[in-house]
Amino acid sequence: NVMGLNSPDSAILSAVISRLLSFAMILGIGFLLLVSLVLSTGLAALGDFLNSLAPQSLHLMQIVNFLISFVIVYLLFAMIFKFLPDAVIAWRDVWPGAFLTATLFTLGKYILGLYLGTSSVGSSYGAAGSLVILLLWVEFFAQILFFSAEFTRV
């Protein structure tokens with residue numbers, strides 16, 4: 001019995017391959033977000049160096065750092081909204097959702113950084129504080145992603 005294109009085995013294989021590709025894309029995007037973080041750190045270090053040479057350049061480097069980080073996050077979320085759903089989504093529908101997600105992500109990252117920098121969430125829980133902070137970050141990111149995905153769908 002030759003396995004045809006419409007057999008249950010090929011449907012299962014197709015679903016597994018689709019999910020593996022989606023998982024690989026999420027890992028790749030996570031890696032690119034990590035690279036973005038490293039790039040932001042490098043630009044911040046370069047800004048400190050340039051600040052010692054020319055104090056006026058600090059604000060310019062902060063603006064450049066913000067813009068580069070925002071554009072990278074914007075493009076990554078656009079890829080998520082375009083390629084991960086099972087539905088076909090037009091690029092004209094993806095761009096506003098990706099912009100909203102990148103804006104909320106960047107703003108939330110700043111606010112969460114201020115909160116974690118001024119509060120003692122980590123010390124309140126002792127050794128498990130880093131786990132609490134990680135869970136707080138994951139919850140924040142998931143809420144933004146779900147809200148923006150719904151915005152993109154609508």
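Which helix is K82 found in? Look at helix α2, which covers residues 57-83, and you'll find K82 there. Before we zoom in, keep in mind that this is a predicted model.

Let's start with the whole chain. It has five helices and zero strands, so reading from the N terminus on, the elements simply go α-α-α-α-α. Of its 154 residues, 25% count as buried. The accessible surface comes to about 10,600 Å², and 75% of that belongs to carbon and sulfur atoms. As for what touches what, take the contacts with a separation of 6 or more: 64% of them are between residues 24 or more positions apart.

Now back to K82. K82 is buried, yet it has no salt bridge. Side chains of opposite charge can pair when their charged atoms come close. For K82, the nearest side chain of opposite charge is D93, and that one is 8.4 Å away.

D93 does have a partner, though: it forms a salt bridge with R92, with the closest N and O atoms 3.3 Å apart. D93 counts as partly exposed because its relative accessibility is 33%, while R92 is exposed, with a relative accessible area of 66%.

How many salt bridges does a search of the whole structure find? There are two. Besides the R92 and D93 pair, E150 forms one with R153, where the closest N and O atoms are 3.0 Å apart. Both of these residues sit in helix α5 (residues 129-153), and because they are three residues apart, about one helical turn separates them. E150 is partly exposed at 38% relative accessible area, and R153 counts as exposed at 63% relative accessibility.

One last stop is on the surface, where V71, L75, F83, W91 and W95 form a nonpolar patch with about 470 Å² of accessible area together. The elements giving two or more residues to this patch are α2 and α3 (91-118), and the largest share, three residues, comes from α2.

Technical notes: Residues numbered from 1 in each chain as written. Predicted model: local features only at pLDDT ≥ 70, side-chain atom pairs only at ≥ 80, totals over all residues. Heavy atoms only, no water. Helix = DSSP H or I, 4+ residues; strand = E, 2+ residues; numbered from the N terminus. Buried < 20%, exposed > 50% of the residue type's maximum accessible area, 1.4 Å probe, protein only. Lys, Arg positive; Asp, Glu negative; His and termini not counted. Salt bridge = Lys/Arg side-chain N within 4 Å of Asp/Glu carboxyl O. Contact = heavy atoms within 4.5 Å. Areas by Shrake-Rupley, 256 points an atom, 1.4 Å probe, with all protein chains shown as cover. Patch = residues over 30% accessible without salt bridge, like charges linked within 9 Å, V, L, I, M, F, W, Y side chains within 5 Å.
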